[in-house]
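Q: I'm new to this one. Can you walk me through it?
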Amino acid sequence: MIKFEEVTKKYGNQEVVKNINMHVREGEFMVLIGPSGCGKTTTLKMINRLVEPTSGRILIRDQDIMDMNPVKLRREIGYVIQQIGLFPNMTIEQNVDLVPRLLKWDKERRAKRVRELLELVDMDPDLYAHRYPNELSGGQQQRIGVLRALAAEPSVILMDEPFGALDPITRENLQDELKNLQNKLHKTIVFVTHDMDEALKLADRIAIMKDGRIVQLDTPEMILRKPANEFVLEFIGKHRVAGGGPATVESVMKSNPVIIGPERGVEEALALMKHKGVNTLLVVEQDKRLVGVVTVEKLDKNRRRASTVKELVETDIPVVAAGSPAREAFNTLTANKLDYLPVVDEKKRLLGLVTKTSIVNALASFVWEEETA
Amino acid sequence: MNPLLELLTRSWADILVATWQHVYLSLGSVALGALVAVPLGIWLSSRQNIARVVLSIAGTIQTIPSLAFFGFTLPVLGIGVLPAMVVLFLYSLLPILRNTYTGIREVPGELIEAGRGMGMNDRQLLFMVKLPMALPVIMAGLRISSVYIISWATIAALIGAGGLGDLIWGGMNVYDIWLILAGTIPAALLALLAGFTLGRLEKAVTPRGLRST
C-alpha cells in the first residue's frame, strides 16, 4: 500500500531520515516509535508530502507520490496531529466535513456523513454538530480530530502522536475507541508515538527508529520476544521482555484494567461497567494514583444518595507492590479469596491488575512457548 | 443670546458642509489605505524579509510630522483635496498593514499544518483559515487608523482641502473660540462615532468559536 524505497531526508547537511525501506500493507496499523529526534514524524510527513524526501521514492498503490498533485494527494489521506488543530472559527460539523467540502461533495451527502461519523463515537449529532471546538473537552476535540480525518473515506490515515497531549484516562479511552474503529474500518494507518504501551496496544507492526534509521520492524509479539539489540531492549523496557518464566507481578498482570476518576458520576460508572462487562472499577486520580475500588453492588444501592464515585470508593483494599514475586501475589489472592489485586508502584500509581485469570494466561503462554521452542 | 447658539443659527449650513467634507476626506483616505494595506499585509505575511523593510518604511512615514508632510506635498501636488487625501492615505497605511501582517502571522501553526495536511490549497488556506482568524486584528487596525485620520484631517484645511479644519483655523485667525469649537466638537464626535462603530464591527466579525464570552 505504502512503500518507502531508500528514502532519505536531509536538512542542510544533517540527515534526519537515512535510507529507509518500509512497506506498510493494506489495512495495516503501523506504529513508528522512537526517542525524540529519531525522524519518525519526518517519515510520517513525507507520506502526505508536508515534507519532501531528498532522495528515494515513496509509492502509494505503486504510484510515486512525487508524480501526484500534493493537494489532491492530501485530500485522499486522513491526517491527525497532536495539537488537534480543529479550526476554532468553524463548528464541529464544518470541521468534520471540511475535506468533503474541498472535494465538493453535495450538501446532503456531507450532512449524512457528519451524522454517521458522530454516531460512530457516540456523540449525539443534534447536540454537538453546531457547537464550536472551544465548547468541547480535550478528549472530545481529538475525537473530532479523528473523525475529520475519516470524513472523506480515505484508505490511508496518518496520525502524529494524536493522543500525546491528553490525560492518561482520556488517552486510554481514545486508544480503545481507535482500536474498535480500526476493527470495523480496516484503514491503512501510520501512527507516530513515543509511548511503547500505546504502540503495543494498537500496532499490527511496530517500526522502532533511532537516529533516522529503522532499528527493528516487526509485530509487537516478535519485538517483545526477540529485541534486535540493546537499544530496542532498553526502549521497550526490560520488564516487558519474556524470559525465565513469569517472575514478577508485572509479567502476570493485566496492564489496562478498567479505571475511572473519583469525580465521575455514579451513572457514568455504572454505564462503564456495563459496557466493559466488569463488576468492579479501579478508582484512580489523573496522575494514576490509586484511590481504591468501587463495586457494582455499592453503586447500585446508593445511586440515589451519591452523585460521584468518590463518595462510594472503598479505600482499604489489599494491593501488591511492583517488582514483587508473582508467586506472592498468587498466594495473597488464594489465601484471602480475592478476585483481584491491584499492582502499584512506589508512588501508589496503578500499573495493572493481577487476577487469577491473568496469572493462568501468563503461565499458559509461558508453558506453551517452552514446548514449541 | 448665547454665542454658540448664535453661531449655530448663523452658520449651521457651513458646519454641515464642513462635516461632510471631513467625512469623505478621512473615510476616503482610510478606505483607500485599507484597499492597499490589507492585500499588501497578506502578501507580506509569507515574505518575512521584505515585510521587515516595508514595515519600517511605513513606520518612518508615520514619524514625519503631519504639518511638515503637507508642506512637502505642496510643491508636487499643489493644494486641494487630492494632496490632502494622498497624505492621509499614506498615514492610514501603517496600522492596517501592521495589523494585517501580525494578524495572519499569529494564526497558530497547527491550524496551518492541519489545513495544509488536509489538502487546502493556498487560496483556501487564506480564505477559510487565515483571514477569518486574523479578521478581528485587521479590523482593530482599521479602527485605530480611522480614529486618528479623522483627527489629523483637520490639518488638511491648511492646504485647502476643506473640512472641519477650516472652521478651526478660521477661528484661530480671528480669535473666535466658538468658531474653533464648532470645528473641534464635530471632529471629536466623528472620531468617537467611528471608534465605536468599528469597535462593534470588530466584535461582530470575531468568529463565535473565538469569543471568550
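Q: Which residues of helix α5 of chain B are buried?
A: This is a predicted model, where local features need pLDDT of at least 70, side-chain atom pairs count only at pLDDT 80 or more, and totals for chains, interfaces and linings use all residues. Residues are numbered from 1 along each chain as its sequence is written, with chains lettered from A and ligands numbered from 1 in the order in which they are written. In α5 (residues 109–117), the buried ones are L111(B), A114(B), G115(B), R116(B) and G117(B). Buried means 20 or more other C-beta atoms, placed from the backbone, within 10 Å of the residue's own. Helices (H or I, at least four residues) and strands (E, at least two) are DSSP runs, numbered from the N terminus.

Q: What covers them?
A: The cover includes α2 (70–75) and β6 (77–81) of chain A, together with α6 of chain B.

Q: And what follows α5(B)?
A: G119(B) does, with a positive phi near 100°.

Q: How many residues are in the largest nonpolar core?
A: It has 116. Such a core is a set of buried Ala, Val, Leu, Ile, Met, Phe, Trp, Tyr and Cys residues joined through C-beta atoms within 7 Å. Helix α6 (residues 122–152) of chain B gives the most to this core, 12 residues. V190(A) is among those with the most contacts inside it.

Q: What does V190(A) touch?
A: Leaving out residues up to four places away in sequence, V190(A) touches I2(A), V24(A), M30(A), L32(A), L44(A), I47(A) and L158(A). Contact means C-beta atoms, placed from the backbone, within 7 Å.

Note on methods:
Buried ≥ 20, exposed ≤ 12 C-beta atoms within 10 Å, placed from the backbone. Contact = placed C-beta atoms within 7 Å.
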